[in-house]
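Here's a quick briefing to read with the model open beside you.

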Amino acid sequence: MSAPVSPDGDAQTAPPDGTHPATGTVVAPAAAGRNELTPVLEGRGLVKTYGRVVALDAADFALFPGEVLALIGDNGAGKSSLIKCLSGAEVPNAGEVLLDGAPVLFRRPIEAKAAGIETVYQTLAVAPALDIASNLYLGREERKAGVLGSVFRMLDGGGMRKRAKEQMTSLGIGTLQNMGQTVETLSGGQRQAVSVARAAAFASKVIILDEPTAALGVRETNQVLKLIESLRERGMPVILISHNMPNVFQVADRIHVQRLGRRAAVVSPSTINVTDAVAIMTGALQVPVEEQQLTSVRR
Amino acid sequence: MSQATTTSTTGYDAAEEFLGRTSPTQRLQTVLHRYPWLSPLVVLLLAVIVFGAINSNFATPANLGTITQQTAVIGTLAIGQTLIILTAGIDLSCGAIMVFTSMVMAKTAFENGVPGLPALLLGIVVGGLAGLLNGLLITRIGLPPFIVTLGTFGIFTSLTLLYATGRTVRNRELVAELKWLGQPIDVGGFRLTTGVLVMLALYALFAYVLRYTAWGSHVYAVGDDRDAARLVGIRVNRVLLSVYVVAGVVYALAAWTLIGRVNAASPNSGIDANLDSITAVVIGGTSLFGGRGRVLGTLIGALIVSVVDSGLSIAGLDQAYKRLAIGVLVILAVTADQWIRRARA
């Protein structure tokens, strides 16, 4: 499949000739290599309406292997709807979602999970009264081997705690030692870490992070950004939805700007500044397709 | 992000540890938070000691045995209530379902000549179906549990009266199987009944299921944060439905104990059972907001009610004082729950 070169639908952008969407004004990698790269997760012409409200108006989206793609946009731009359509929380009215180039249809979050797409929701989706290990394995509990597991349905609590600990360590979350600690005793950043660790443990394709730093202090925010970087080091593609521009510019490889239900532009944080990114969000600035970063910057 | 914000982790953790130093009150709060059955246990022991000091006839094996026997019906019923309250629900119909199933068991055996065990099984199935009705109304129509079970309370009370036609199935009309749980058993000087043993076995079973199985985790997760449970892929409605069905089956087992205890199946028995079961759960430290509590606490809560009841009557006080004492206990228990829930929240 070729790189997504379809116009993003904004009225001001003239359709490109379809061969070299990124002219490589700043970013260097060979155009040929980029064109061969298949997006891990792609949305084409997604439409989602709620009654008379059009949340997504033929929106396109592409996430490439190994990259951190930031998704920004003003309130009501359709960020959440886009993510819901990609993660199975909503079914788009029109358009298609492709995973590794093949069309997929997710009707429930659990179907997207089964396909390897894990989402860390803004609400974190943790059960505060349960411990860290139980939360990590919530809905995917592992039973003990043998009769205890098969007949008595006994959970492998020790094993789950051990593997939870390993997962935490491998992500560099050393501050959480006791996997039997209940989540309600944790700080906001630690809860976020539990939620991200759960996603990382079960995602095989994509991790979606919805405003992971919105409720956090400075130190905890940095911990989460480090987590995102360690996910990238593992080669795990990440979609980061955030309102926090410094965060976005710190970790993102590319920035998808959503506006009025469509993709207004995809830009590279190395070629654009925060002011311009905000200008694109508000519609004050329009970026011609040839100056956008529609394909991967990572090799 | 600027470099200045990236403080060294070790330094911060040391500071956090320092700031995290807690007062004795906070530590107590945290311990009670972790072991919700601890405060009811203290209340139970205190009550036994106080009543024992007031009257020497109280703390005898015979009386303690009687107290335990008196706990069997509400204690069993309250297991089902605990499951439902853990999911942040409530069941006002449990007593009505219990009485209805007891009439089904007794009448089908006495009037329709159904043998004892099939009659018992029929009662259990009816209990499960009654729970299913509650569960379907809650999950499919999306009505609040309070309203649904207030409605089914009326329905099952009415069905009981219509079905029983105001007639009690008396002792000599009952088949032997239905009276099994009233049989006395002597355990080390304590006079118990088989019904007490069944209750204790059910407590052990549900303590295990809630603690060690995925279903148990899901019950807590659904009560704790329903949206979170749904987002991690738990089928919330399926869990809720199963909880109401299981509770219905437990109510039917309580009905079996009830028949053994009163040696009859009467449409007028168990009138206070609905609220008594909620009382036991709440005094036992389970939070009405869901997701927090243990069945063990409910057993202690049910025992507290019986101990206060027996202690006051042995002390020669009017039964009105029992109501007063239990009422105060319920309010204290919920107040304590509110306070404990604030721990580190």
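What percentage of the 345 residues of chain B count as buried? It's 50%, where buried means 20 or more other C-beta atoms, placed from the backbone, within 10 Å of the residue's own. Keep in mind that this is a predicted model, with local features needing pLDDT of at least 70 and side-chain atom pairs counting only at pLDDT 80 or more, while totals for chains, interfaces and linings use all residues. Residues are numbered from 1 along each chain as its sequence is written, and chains are lettered from A in the order in which they are written.

**Chain B overall**
- Chain B has 14 helices and 2 strands, taken as DSSP runs (H or I, at least four residues; E, at least two) numbered from the N terminus.
- Its C-alpha trace spans about 85 × 55 × 35 Å along the principal axes.
- Of the contacts in chain B between residues at least 6 apart in sequence, 76% link residues at least 24 apart; a contact means C-beta atoms, placed from the backbone, within 7 Å.

**Where B meets A**
- Chain B puts 25 residues into the contact and chain A puts in 28 residues.
- On chain B's side, H1 (9–19), H9 (214–224) and H10 (226–231) each supply at least two residues, and H9(B) gives the largest share, 5 residues.

**Strands in chain A**
- S6(A) (residues 117–120) is covered on both faces: A:Ile117 and A:Thr119 are buried on one side, A:Glu118 and A:Val120 on the other.
- S6(A) pairs with S7(A) (residues 206–210) in the parallel sense over 4 bridges, pairing being at least two DSSP bridges between strands.
- A:Ile117 has A:Val206 as its bridge partner in S7(A).

Note on methods: Contact = placed C-beta atoms within 7 Å. Buried ≥ 20, exposed ≤ 12 C-beta atoms within 10 Å, placed from the backbone.
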